Amino acid sequence: MTTPSEPPPAHEPARDPGDEPTRARDSDPGSPTGSRPGAPPGPAGGAPVLTDADAGAGAGAGAGAGADVDPDSDPAPDSAPTPRVRRFWSVRRIPAAVLAALVLGGAGLLLYDVAAVRADRTAMAWRRELADGLATRPLDDTWVVVGAAVAVVLGLWLLVLATTPGLRAVLPMRREHADVRAGLDREAAALALRDRAMEVSGVQSVRVRVGRAKVAVRAVSHFRALDEVRADVETAAAAGIEELALARPPALTVRVARPPRKA
């Protein structure tokens, strides 16, 4: 006995809303699932197609992610520190030559006299007198005191020459490069500042004295108010000192006076 098959239902059971495939709001109902609106149709099977726009967006995102700077990384190194500026040292050829000549002459003469005595000859008169005087003269003798004072002065002078740089007439300039050292003569600096001060209206004559730590400007004004002339001279001289590019800019003092009256 055969059992008749059940007839198909008239209506399909309603699907759960979660089972409905998600589609774009503006997508075409006939387009395959997963395609974007306006995108070219993909191959059969509904596989998504990567367009040039998508590739560019992905590459930009990857580049942006890779370009992030690590906050713990060290910043770019700053420029090399400016080397310390020191004064120019004098070679002091003249004092060195004089001292070397004196030492060489005295040592040679003493060596010759000692060799002569060893050769059974009499010592020189100056050596005998010097030895007798050192043996018989007291320490408070005038010549002994004078000789000691001269020796002390010469020793102090040599120590000062050995511990000071000298070349006071050369002003060191700022070092823009580590391998270049420059200096400016004080007379040249005074001439440059004098020219700047002479450009001020009302200035008749200017005298400038440039030292290692101070610049003194004395101007003579034959018209305009002295306060105005002094202010203009100070401004011009300050600008001139800045343009000299000295390593240690000196202090500036300005004096302005009227020319003396003729008798």
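Buried residues make up 17% of the 263 residues in the chain, where buried means under 20% relative accessible area, exposed means over 50%, and partly exposed is anything in between (1.4 Å probe, protein chains only). The model is a predicted one, so to speak of a local feature takes a pLDDT of at least 70, side-chain atom pairs count only at pLDDT 80 or more, and totals for chains, interfaces and linings use all residues. Residues are numbered from 1 along each chain as its sequence is written, and side-chain values use heavy atoms, with hydrogens and water left out.

On to the overall layout. The chain has six helices and five strands, with helices (H or I, at least four residues) and strands (E, at least two) taken as DSSP runs and numbered from the N terminus. Read from the N terminus on, the order of the elements is α-α-α-α-β-β-α-β-β-α-β.

Strand 3 and strand 4 pair in the antiparallel sense over seven bridges; two strands count as paired if DSSP finds at least two bridges between them. A hairpin takes the chain from strand 3 to strand 4 through three residues. Across this pairing, Arg207 stands opposite Arg218 in strand 4.

Strand 4 provides the largest share, with five residues. By type, the lining residues divide into six nonpolar, two polar and eight charged. Here Ala, Val, Leu, Ile, Met, Phe, Trp, Tyr, Cys and Pro count as nonpolar, Asp, Glu, Lys and Arg as charged, and the others, Gly among them, as polar.

Next come the charged pairs. A search of the whole structure finds seven salt bridges, each a side-chain nitrogen of Lys or Arg within 4 Å of a carboxyl oxygen of Asp or Glu. In one of them, the side chains of Arg127 and Asp113 meet at 2.8 Å, N to O. Arg127 sits in helix 3 (residues 125-136) and Asp113 in helix 2 (residues 93-118), so this pair ties together parts that are 14 residues apart in sequence. Arg127 is partly exposed at 30% relative accessible area, whereas Asp113 is buried at 1%. The side chain of Asp113 also reaches the backbone nitrogen of Met124 at 2.9 Å.

Another salt bridge joins Asp195 and Arg194 at 3.7 Å, N to O. Asp195 is partly exposed, with a relative accessible area of 39%, and Arg194 is partly exposed too, at 34%. Finally, Arg224 forms a salt bridge with Glu228, with the closest N and O atoms 3.7 Å apart. Arg224 is partly exposed at 25% relative accessible area, and Glu228 counts as partly exposed at 45%. Together with Asp232, Arg224 and Glu228 are linked in a network of salt bridges.

Methods. Polar contact = N/O pair within 3.5 Å; in protein donor to acceptor, adjacent residues only side chain to side chain.
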